[in-house]
Amino acid sequence: MPPSTSDFLEAGRFVASMRRPLLLSHTKPDGDAFGSLVALRELLRSAGSRPLAVAFDPLPHTYDVFRRFEPVSVWRRDLDEKSLTDADGVVILDTCAYSQLLPLESWLKATTVPIMAVDHHITRDVAAARLVLDETAAATCLILYQWARCCGWQISRDAAAAMLIGLATDTGWFTHSNTDPTALRVAAELVELGVSANELYQQLYQCDSTGRVRLRGAMLSGMKLLGDGRLAVMRVDRETLHRTGATLAETENLINDPLTIRTVVVSLVLSEQKEGPVRVSFRSKAPIAGFCELDVDVAAVARSFGGGGHRRAAGARIDGTLDSVEQRLVEHILPLLG
Ligand SMILES: [Mn+2]
């Protein structure tokens, strides 16, 4: 359910009581995470506070589009716990799960400053005094826009651009199943605020590195199709990254390629990390009337492996080798595919 006007106004008063709010988002930040950090920083600045926006990872090249804005500070690279002493509040954006806030999990659990969260995910375990949640919202940036409108905050062109990037990337440039009338209406209003959609599109989708395009080729040629072509599995190992010259961050969105195949309902990407568990991303296709009625909730699949996310886009970190993780996932998912 979308927040009501009074929810938004109360949340507005809550955040207005913070002079130095710390803005955080999830690890491995995506367009909606960076977009939310930049947009809320701009919005709160025009409202008179001094927000500190912090990302847990540096900006990957796939998001060079964000270089048009003042940089977001990177945890450990630009600041540490000492830099947080004057924070008098926290706003967590685009996640509500401690597992996605690990670098500051213990700090967040120990701090006495008020915490609020703005999010559109289903998975949540963060203890926050105030929540602005809308699981039906296509992006956290969309919630921020509605919040700003409701509170009458000034929306600068930078704030609008950052919100359009978040909304456009979380909807796969308005093609995913979360693209609803509200998403399209808000996008139109953001363009009316002076943002060029075409310019953002070019910076987002026509600025790939050669390595990323070669990695796409390698992943697709190694793709396995299982369960009568309903399940696509792709893997990224260190050797492939080295050979193609791509970075791990550049695997983002390549998971959507197999979904362009008529038969594929679920797409998986297993990525070998430098150390620690295998990172797994899950996507599923919405049922297509008269063609494929299968409706797989990949958030539920991810949850049974300790992860979480949305019905059609989820993730998990799973201990084991690429082979063993793949085998366990395939055994779990194939029965769901009829
Ligand atoms: Mn999001």
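**View 1. Aspartate 32 is buried, with a relative accessibility of 0%.** The model shown here is predicted. Residues under 20% relative accessible area count as buried, so aspartate 32, at 0%, falls in that class. Aspartate 170 is also classed as buried, at 17% relative accessibility. Which residues coordinate the manganese ion? The donors are Asp32 (OD), Asp94 (OD), His120 (NE2) and Asp170 (OD). They sit at 2.2 to 2.3 Å from the ion. Along the sequence, the donor residues follow the spacing D-x61-D-x25-H-x49-D. Aspartate 32 belongs to helix 2 (residues 31–46) and aspartate 170 to helix 5 (residues 157–170), so this pair ties together parts that are 138 residues apart in sequence.

**View 2. Alanine 33 sits in helix 2.** Alanine 33 is buried, with 0% relative accessibility. Look across to aspartate 94, which is 61 residues from alanine 33 along the chain. How far apart are the C-alpha atoms of alanine 33 and aspartate 94? The separation is 5.9 Å.

**View 3. Helix 5 is largely enclosed by the rest of the structure.** Why is helix 5 described as largely enclosed? Twelve of its 14 residues are buried, so the rest of the structure largely encloses it. The buried residues include Ala159, Ala160, Ala161 and Ala162. Met163, Leu164, Ile165, Gly166 and Leu167 are buried too. Ala168, Thr169 and Asp170 are also among the buried residues. Now check the length. At 1.5 Å a residue, helix 5 should span 20 Å, and its end C-alpha atoms are 20 Å apart, which agrees.

**View 4. Helix 11 covers residues 322–333.** This helix has twelve residues. From its first C-alpha to its last it reaches 16 Å, close to the 16 Å expected at 1.5 Å a residue. Its buried residues are Leu322, Val325, Glu326, Leu329, Val330 and Ile333. Down the axis of helix 11, these buried residues fall within an arc of 130 degrees, so they line one face of the helix. An α-helix has 3.6 residues a turn, so residues three or four places apart point the same way. Which exposed residues lie on the face of helix 11 turned away from its buried side? That face carries Asp323 and Glu331.

**View 5. Lysine 28 and arginine 76 both have positive phi values.** Most residues other than glycine have a negative phi. Phi of lysine 28 is near 50 degrees. Lysine 28 lies in the loop between strand 1 (21–25) and helix 2. It is partly exposed, with a relative accessible area of 36%. Phi of arginine 76 is near 75 degrees. Arginine 76 lies in the loop between strand 3 (73–74) and strand 4 (89–93). Is arginine 76 buried or exposed? Arginine 76 counts as exposed, at 54% relative accessibility.

**View 6. The second largest pocket is lined by 13 residues.** Its volume is about 200 Å³. Leu59, Arg67, Pro71, Val72 and Arg77 lie nearest the centre of this pocket. What kinds of residue form the lining of the second largest pocket? Nine are nonpolar, none is polar and four are charged.

**View 7. A search of the whole structure finds one cavity of 30 Å³ or more.** The largest cavity has a volume of about 40 Å³. Its lining includes Arg262, Thr263, Val264 and Val265. Lys285, Ala286, Pro287 and Ile288 also belong to the lining, as do Phe291, Cys292 and Leu294. By class, eight of the lining residues are nonpolar, one is polar and two are charged. Val264 has another link to follow. Its C-alpha lies 5.8 Å from that of glycine 229, although 35 residues separate them in sequence. Glycine 229 lies in the loop between strand 7 (224–226) and strand 8 (231–236). Glycine 229 is buried, at 12% relative accessibility.

**View 8. Threonine 136 lies in the loop between strand 6 (130–133) and helix 4 (140–151).** Threonine 136 is partly exposed, with 45% relative accessibility. How far is threonine 136 from arginine 317 in space, C-alpha to C-alpha? The two are 25 Å apart, and they are 181 residues apart in sequence.

Methods
Residues numbered from 1 in each chain as written. Predicted model: local features only at pLDDT ≥ 70, side-chain atom pairs only at ≥ 80, totals over all residues. Heavy atoms only, no water. Donors = N, O, S within 2.8 Å, 3.2 Å for Na, K, Ca; no water. Helix = DSSP H or I, 4+ residues; strand = E, 2+ residues; numbered from the N terminus. Buried < 20%, exposed > 50% of the residue type's maximum accessible area, 1.4 Å probe, protein only. 1 Å grid on protein atoms, 1.4 Å probe; cavity = no way out; pocket = protein on both sides within 12 Å on 5 of 7 lines; lining within 4 Å. Points joined across faces, edges and corners; volume = space filled by probe spheres on them. Nonpolar A, V, L, I, M, F, W, Y, C, P; charged D, E, K, R; others polar. Expected span 1.5 Å × (residues − 1). Arc of directions from axis to C-beta.
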